[in-house]
Amino acid sequence: MNPIVSKGLYPFVSIARAINRIHPNVEFLLVEGRDSARQRADIPEARELRNIFRMPSVREPREFYSQTRALIMPSLCDEAFGRVAVEAALNRIPILCSTRGALPEIIAEPSALLELPPGFSAHTKRLPSEKDVKPWIERILELWQNESQARELGDRLAAHAEKYRQKESAQRTREFFNA
């Protein structure tokens, strides 16, 4: 989770708060990006959570993917692509992401796509209610408690993401321009 407002920081805090109350051993890793530490500090409810751990921005994504049991992307912006989702999928990491922008096309797995409240935009700076993020909470806990289900989701996502590997993508690009 990239902890900035447009990437779903406020819904994420609501999700983490609820899960912390229900199942406190579920931990979240926030990988810092531009301005993210400051934005998270602006949410008093985030400061009280003990199930969130922070990793500074890294050069090698494998540093956080190797610690990732599932990736959540409650993005509120109209994602143009979703590179992080593709990278996670290629590593067989189960993903839960919003239906904003290109994410549904990139992921193409209904059980990995979850709605966020329609009134929330990339600029909304308020916490959604627990009811608003209940499907996220339920799905995260489902994957946390059922490793075989999480593994199956990761496998399906990986199979779909194969087309984004460099070799396959380069071949499709050559075919397009040579047609």
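Me: Which residues in α7 meet residues in α8?

Reply: From α7 you get Arg139, Glu142, Leu143 and Gln145, and in α8 they meet Glu147, Gln149, Ala150 and Leu153. Contact here means heavy atoms within 4.5 Å. The residues of this contact divide into three nonpolar, two polar and three charged. Nonpolar covers Ala, Val, Leu, Ile, Met, Phe, Trp, Tyr, Cys and Pro, charged covers Asp, Glu, Lys and Arg, and the others, Gly among them, are polar.

One heads-up: this is a predicted model, where local features need pLDDT of at least 70, side-chain atom pairs count only at pLDDT 80 or more, and totals for chains, interfaces and linings use all residues. Residues are numbered from 1 along each chain as its sequence is written, and side-chain values use heavy atoms, leaving out hydrogens and water.

Me: Why are α7 and α8 called roughly perpendicular?

Reply: Helix α7 (residues 134-145) and helix α8 (residues 147-161) pack at about 105°, with axes 5 Å apart. Roughly perpendicular means 65 to 115 degrees (under 35 is roughly parallel, over 145 roughly antiparallel, the rest oblique), so α7 is roughly perpendicular to α8. The axes are lines fitted to C-alpha atoms over the stretch in contact, and angles run from 0 to 180 degrees between N-to-C directions. Helices (H or I, at least four residues) and strands (E, at least two) are DSSP runs, numbered from the N terminus.

Me: What makes Cys77 and Cys97 buried?

Reply: Buried means under 20% relative accessible area, exposed means over 50%, and partly exposed is in between (1.4 Å probe, protein chains only). Cys77 has 17%, so it is buried. Cys97 has 0%, so it counts as buried too.

Me: How do you know that the buried residues of α5 are on the same side?

Reply: In helix α5 (residues 83-90), the buried ones are Ala85, Val86, Ala88 and Ala89. They cover an arc of only 165° around the axis, so they sit on the same side of α5. That arc is taken from the directions from the helix axis to the C-beta atoms. The buried residues of α5 pack against several elements, including β3 (71-73), β4 (95-98) and α8.

Me: What makes Ala158 buried?

Reply: The relative accessible area of Ala158 is 1%, so it is buried. Ala158 belongs to helix α8, and, leaving aside its neighbours within four places in sequence, it is in contact with Ala89, Leu90 and Arg92.

Me: Why are Arg92 and Ala108 called partly exposed?

Reply: Arg92 has a relative accessible area of 48%, so it is partly exposed. Ala108, at 41%, therefore counts as partly exposed as well.
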